Amino acid sequence: MQTAHEKTITGLIPALGGANQIYGAGMIESGVTIDYGVLVMDNEIARMAKYILRGIPTNDETLMVDEIIEVGSEEDFLSRMSTLKMMRAHQSKAGLIDRRVREEWDMDGGTDLYYRCKEKAKELVADHKVEELPSDVVDQIKAIVSKSEKDAGVV
Amino acid sequence: MIRSQHAGIQHNGGVGIDVFTPEEMQAIHWGTVEVLETAGLWVEDDEAIDLFADGGCKVDRATKKVRIPQHVLEEAVSWAPSTVTLCGRTPDKDVVLEGRRVTYTNFAEGVKAVDPWDGQLRPTTKKDVADLARLVDALDDIEVYTIAVTATDVPPEVAEAHLIEATLANTTKPICSLALGHHGARLHIDAAAAVVGGHDKLAERPMLEFLSCPVSPLKLMGEFTGCIIEAARAHQIAMPLSMAMSGGSAPVTLAGTMVTHNSEVLGGIVLAQLAEKGAKCIYGSSTTAFDLQRAAATVGTPELALISAAVPAMARFYELPSYVAGL
């Protein structure tokens with residue numbers, strides 16, 4: 001809980017201040033330790049912070065006054081076409097953050113955010129593919145490492 | 001219903017905060033001018049002292065003190081570009097850093113990891129450098145990979161070579177390096193040049209930002225100045241990043257801390273500009289408060305949140321991109 005509190009204030013307030021790069025994802029213990037699960041959690045916090053930065057766009061399309069009058073007090077907005085059409089663009093995405101009611105969460109194992117993030121980290125480390133460097137580039141970099149070892153006298 | 005076009009209504013285009021008024025930033029700037037003109041910076045290496053001297057600074061070689069006059073400071077800082085594009089292996093990963101645009105990157109440099117497979121706390125290895133690069137490559141809201149940990153399973157003298165080897169193979173995102181001095185920075189530049197097809201191509205599309213720290217208060221070690229000079233001359237991105245601790249290596253007040261912090265970072269930016277006019281620079285901060293009750297450098301605090309929101313305002317005051325601690 002303390003980690004998530006600290007991550008939120010130090011991830012969000014600098015973002016509101018307009019920092020071009022905010023570094024620290026994955027860090028715990030004042031920078032001694034990196035935690036794979038926390039790194040994935042921080043990606044979730046970063047996404048939420050970026051949503052907040054968008055503010056509340058206020059124009060005819062978003063004020064929706066005609067539709068509010070049309071719906072009045074007789075209907076609701078759940079079944080409206082506009083809700084379906086605009087939900088992706090206008091709502092934050094929960095990702096690994098669980099917003100379900102307790103019963104559903106319990107039935108699904110009742111895991112905490114850290115556990116889910118850790119599992120996601122393992123999955124991504126195992127499955128995510130980065131395009132391989134050409135073999136001549138790999139060799140050139142190996143040569144730089146070997147030269148560095150020779151210069152330092154460690155081989 | 002006709003809802004006609006407004007004649008120029010003002011929109012926010014997002015939400016943000018301004019920690020300082022323009023006059024408050026001016027006051028921090030003038031404080032910085034006084035500090036750099038009178039106390040000056042202690043600079044370890046002759047190479048950097050020579051650059052400051054040739055650039056019009058007052059240099060006392062016996063005490064290694066460099067005093068930067070206001071006109072040199074303001075002119076040199078104005079040479080740094082106000083928009084910087086940090087390039088990935090492919091252009092779809094390029095990141096524009098300017099104004100109030102916000103991106104995130106991971107922490108560096110850890111020496112221990114919590115292993116996600118067995119939950120154990122253990123020293124970090126070269127495999128962690130690779131695994132964390134690949135993990136960050138997969139996370140959409142983290143735009144840049146900062147080389148996250150050191151490799152304790154290789155000899156420390158050659159760790160920097162192994163770090164860049166593991167990083168370049170496992171991410172297509174831009175890279176923030178903590179290489180030390182000329183030697184470390186050159187190693188990372190040579191390796192990145194191999195990936196993009198030579199030093200000229202790397203200069204055209206800078207892939208590396210070099211995070212380097214002064215020692216607070218007001219000291220520039222050789223490892224710092226060497227890295228800054230090397231980054232500037234290779235047309236990569238030089239990032240002086242102060243780690244001042246309010247109440248320890250900086251005044252106990254946050255405003256006073258902003259003055260020493262600003263003096264250290266601008267000293268680094270002036271050096272980069274004197275080494276290579278127009279060098280791309282980023283204004284860096286890991287400045288925080290030293291918890292005097294616990295005698296610890298704490299980062300998950302309201303002080304850090306405020307400083308890291310105030311720093312980008314100062315960076316914009318100088319029309320520079322910013323990089324701050326958070327998360």
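Predicted model: local features only at pLDDT ≥ 70, side-chain atom pairs only at ≥ 80, totals over all residues.
Residues are numbered from 1 along each chain as its sequence is written, while chains are lettered from A and ligands numbered from 1 in the order in which they are written.

Strand S3 of chain A and S7(B), residues 112–114, pair in the parallel sense over 3 bridges; strands (E, at least two residues) and helices (H or I, at least four) are DSSP runs, numbered from the N terminus, and two strands pair if DSSP finds at least two bridges between them. Strand S1 of chain A likewise runs parallel to strand S18 of chain B, to which 3 bridges join it, and here A:Tyr23 stands opposite B:Ala325. S18(B) also pairs in the parallel sense with strand S15 (residues 283–285) of chain B, over 3 bridges, with B:Tyr283 opposite B:Ser322.

In a regular strand the side chains alternate between the two faces of the sheet. Both faces of S18(B) are covered, since B:Ser322 and B:Val324 on one side and B:Tyr323 and B:Ala325 on the other are all buried, where a residue is called buried if 20 or more other C-beta atoms lie within 10 Å of its own, exposed if 12 or fewer, and partly exposed in between, with C-beta atoms placed from the backbone.

The contact as a whole takes 60 residues from chain A and 77 residues from chain B, two residues being in contact if their C-beta atoms, placed from the backbone, lie within 7 Å. Helix H2 of chain A gives the most to the side of chain A that touches chain B, with 12 residues.

Helix H8 of chain A, residues 135–152, has 18 residues and reaches 26 Å from its first C-alpha to its last, close to the 26 Å expected at 1.5 Å a residue, a span taken as 1.5 Å times one less than the number of residues. The buried residues of H8(A) are A:Ile141, A:Ile144 and A:Ser148. They lie on the same side of H8(A) because they cover an arc of only 50 degrees around the axis, the arc being that of the directions from the helix axis to the C-beta atoms. These buried residues pack against helix H5 (159–168) and helix H6 (181–196) of chain B, whereas the face turned away from them carries the exposed residues A:Ser135, A:Asp136, A:Asp139 and A:Lys150.
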